[in-house]
Amino acid sequence: MKLVFATNNEHKLDEVRKMTADKIEIISLADINCHDDIPETADTLEGNALQKARYIKEKYGYDCFADDTGLEVEALNNAPGVYSARYAGPGHNSEANMKKLLSEMEGKENRKARFRTVIAIILNNKEYLFEGVVNGSILTEKRGKNGFGYDPVFVPDNYTESFAEMGDIKNKISHRAEAVKKLSTFLLNGIF
């Protein structure tokens with residue numbers, strides 16, 4: 001089975017390809033000659049994921065899936081949430097986003113947070129949603145060189161390493177891994 005993954009994030013593309021390597025061939029936007037800046041203007045993760053998947057289906061005709069991920073920090077009323085990639089302003093700058101997050105968390109005892117991924121898939125003109133969540137906490141400083149986004153400041157529950165220190169373990173336990181497992185099970189069981 002081949003599916004288009006509607007993302008321009010090479011890190012996400014690589015992660016998902018590793019998770020589905022034996023089961024599903026993931027086609028990138030570059031593979032279908034899509035170099036568009038796909039809109040993400042919804043105010044929910046679900047809305048953004050659906051918006052991206054619908055854009056590819058309508059403009060290019062491919063069955064596809066898209067995701068949106070947010071870091072939800074309890075002490076910040078679940079911010080940055082849907083605005084995680086642009087938390088410090090436009091430009092998707094992970095360093096600036098982490099710096100702003102750590103600054104806003106200064107002095108806060110409650111460091112509980114969760115990563116949440118929502119995957120929207122359009123298959124045979126029907127839409128489906130899958131969610132993955134991993135609970136954890138925000139560190140007081142960055143740790144680790146692997147991963148991307150907020151990985152250096154997030155430690156999942158029951159672990160002592162940040163996502164950025166884990167390497168391939170992250171791909172087995174992450175929010176995205178959970179959502180992709182649900183998607184894979186759905187596709188492989190032919191439930192649609």
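Helices, of at least four residues, and strands, of at least two, are taken as DSSP runs and numbered from the N terminus. On this basis, Ser28 of the predicted model is placed in the loop that runs between strand E2 (25-27) and helix H2 (45-60).

The chain as a whole contains six helices and seven strands. Their order along the sequence is β-α-β-α-β-β-α-β-β-β-α-α-α. The C-alpha trace spans about 50 × 30 × 25 Å along the principal axes of the chain. The radius of gyration is 16 Å, which agrees with the value near 16 Å that a compact globule of 192 residues would have.

Of the 192 residues in the chain, 47% are buried. When contacts between residues at least 6 apart in sequence are considered, 54% of them join residues at least 24 apart. The accessible surface of the chain amounts to about 9,800 Å², and carbon and sulfur atoms account for 45% of this surface.

The loop between E2 and H2 holds two residues described here, Ser28 and Asn33. Ser28 has a relative accessible area of 8%; it is therefore classed as buried, the cut-off being under 20%. Leaving aside residues up to four places away in sequence, Ser28 touches Phe5, Leu13 and Arg17. A polar atom of the Ser28 side chain also lies 3.3 Å from the backbone nitrogen of Ala30. Asn33, by contrast, is exposed, with a relative accessible area of 58%. Phi of Asn33 is near 60°, which is a positive value in a residue other than glycine.

A second residue with positive phi is Asn77, where the angle is near 55°; this residue, too, is not glycine. Asn77 is located in the loop between strand E3 (64-73) and E4. The relative accessibility of Asn77 is 73%, so this residue counts as exposed, the cut-off being over 50%.

Strand E4 comprises residues 79-81 and includes Pro80. The peptide bond leading from Ala79 to Pro80 is cis, and its omega is near 0°.

Terms used: Residues numbered from 1 in each chain as written. Predicted model: local features only at pLDDT ≥ 70, side-chain atom pairs only at ≥ 80, totals over all residues. Heavy atoms only, no water. Rg over C-alpha atoms; globule rule 2.2 N^0.38 Å. Buried < 20%, exposed > 50% of the residue type's maximum accessible area, 1.4 Å probe, protein only. Contact = heavy atoms within 4.5 Å. Areas by Shrake-Rupley, 256 points an atom, 1.4 Å probe, with all protein chains shown as cover. Polar contact = N/O pair within 3.5 Å; in protein donor to acceptor, adjacent residues only side chain to side chain.
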